[in-house]
Amino acid sequence: MVEQVKLAEHIIVVGAGIGGLTAALGLAKQGFTVVVLEQAPELSEVGAGLQLSPNAVKVLQAFGVADAIEPHCFTPQRACIRDHRSGRHYLDMPLGREMVKRYGAQYWHIHRADLHQELVRACQQHGVDIQLNQRVMGYRNEKDHVKVLLEKQTLRTDLLIGADGVHSQIRELMLGAQAPIFTGQVAWRGTVPIANIKGASVQPNATVWAGPHQHMVTYYLRGGEFVNFIAVEEQASWRYESWREEGDTEVLRSKFHGWHPEVTAVLDGCESTFLWALNGRPVLPTWHDDRVVLLGDACHPMLPFMAQGAAMAIEDAFVLSGTLEKYDYEYAFMKYEKLRKPRATAVQKQSRDNASLYHMHGGWQGRLKLEALGVASKYANGIIQSKLDSIYGHDVTALRL
Ligand SMILES: Cc1cc2nc3c(=O)[nH]c(=O)nc-3n(C[C@H](O)[C@H](O)[C@H](O)COP(=O)(O)OP(=O)(O)OC[C@H]3O[C@@H](n4cnc5c(N)ncnc54)[C@H](O)[C@@H]3O)c2cc1C
């Protein structure tokens, strides 16, 4: 028997990921009554790290959660691109204090579970009702509300936000089923206790190790307790059912055999790893359908090669909650998409471009591009800085919404 539940005027967010929770927090702070429906039986995040650049940190500051998050963070000193074997620096840029000086906010590394936990806490402090084991199956726009269809009940709400990730059900209902496009890249991820890392000392930086058709990213988490790694390789196809699989650490080590000692020391210390298929989607024709709107990976999944996917979801959350506070939902959704789509699309493109740079595509030409980047960083730093300014210097909290 399907039970019909009538709710008071409010907003339902589908998905308690980083995007959904940040949106819920922003909306609750604006005075909306917010319910978050999460399909998982418990609140948790994958055991992996996240780079949070100043553009995202500014939103966390504006929403009043940055102070709670900061003690969990590691502040990297430099951003480097290094050769996979020799370790030579192609690029070496200051982060740390330089970020605060240039952009007015920190660049942080954080364990995803720590960020998630602080967002949950802040949401609960602001009265957000987070419900678990609630898988949303569908929605229906009615004249003055939306019906949200779950397995055993139907909820009624004013507005629905689909923050349900790259495999979004809400997007599928809005725009039709379309399988994600496998980008030909898979990512192995893991966090390695520092005590397991022998024979090499890992620099306190955000380091990309560039190699032919592969790259690896290393950085510290939790005050230097762990090193987080993301090891990416090109693969013609994804041969598993699921888009996330437990990986074999021996296979992983063999793939990066002969790389720089800092890389192999991290992988030698790795006890478990997961493999991700990196999927993309074409730019969507629209992000909203009457009273329903998409946010985060649901509308703009991207390769992680600019470390901006969660940052974009966090920026979305600020703009969406801000426009909904000021305008009726139709105008707010239109303005939100107008402000966010060009930005997210540009960052998607830059992330794709970085894949070819990090993987030295084109043989010697690929190497030459990395060399040129090194030269530019020494003698024409303005070119690189202006690219980074467009990402890190974008301040949604200063927008006139
Ligand atoms: C290897 C890798 C490294 C990355 N590194 C970075 C980085 O350093 N910095 C950065 O900014 N980004 C990074 N990203 C990207 C970032 O992880 C994502 O962009 C971000 O997590 C997206 O958040 P989201 O809230 O939109 O979606 P998700 O985190 O996917 O959350 C979606 C939530 O919705 C729930 N859900 C799904 N369907 C339903 C349903 N039908 N009903 C109810 N609930 C549902 C899910 O269970 C989940 O909790 C990385 C990504 C990868 C793969």
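## Around Val319

Let's start with one side chain's neighbourhood: leaving aside residues up to four places away in sequence, Val319 touches Tyr336, Leu339, Arg340, Val396, Leu399 and Leu401. Keep in mind that this is a predicted model.

Val319 is found in helix α9. Its relative accessible area comes out at 0%, so Val319 counts as buried, the cut-off being under 20%.

## The nonpolar cores

The largest nonpolar core has 72 residues, and the ones with the most contacts inside it are Leu52, Leu60, Leu115, Leu160 and Leu324. Helix α9, residues 309-326, gives the most to this core, with eight residues. Apart from that core lies another one, of 40 residues, including Leu95, Leu278, Met302 and Met360.

Leu160 is worth a click in the viewer. Again not counting residues up to four places away in sequence, Leu160 touches Ile12, Val14, Tyr139, Val146, Val148, Ile170, Arg291, Val292 and Val293.

## The cavity

Rolling a probe the size of a water molecule over the atoms shows where empty space is left. Searching the whole structure turns up one cavity of 30 Å³ or more, and the largest cavity holds about 30 Å³ of space.

What lines the largest cavity? Val283, Trp287, Cys299, His300, Lys341, Ala344, Thr345 and Gln348 do. Sorted by class, that lining has four nonpolar, three polar and one charged residues.

Terms used: Residues are numbered from 1 along each chain as its sequence is written. This is a predicted model: local features need pLDDT of at least 70, side-chain atom pairs count only at pLDDT 80 or more; totals for chains, interfaces and linings use all residues. Side-chain values use heavy atoms; hydrogens and water are left out. On a 1 Å grid over the protein atoms alone, a cavity is a set of points where a 1.4 Å probe fits but cannot get out, and a pocket is an open set with protein on both sides within 12 Å along at least five of seven lines; lining residues have an atom within 4 Å of a point. Grid points are joined across faces, edges and corners, and a volume is the space filled by probe spheres set on the points. Ala, Val, Leu, Ile, Met, Phe, Trp, Tyr, Cys and Pro count as nonpolar, Asp, Glu, Lys and Arg as charged, and the others, Gly among them, as polar. A nonpolar core is a set of buried Ala, Val, Leu, Ile, Met, Phe, Trp, Tyr and Cys residues joined through side-chain atoms within 4.5 Å. Buried means under 20% relative accessible area, exposed over 50%, partly exposed in between (1.4 Å probe, protein chains only). Helices (H or I, at least four residues) and strands (E, at least two) are DSSP runs, numbered from the N terminus. Contact means heavy atoms within 4.5 Å.
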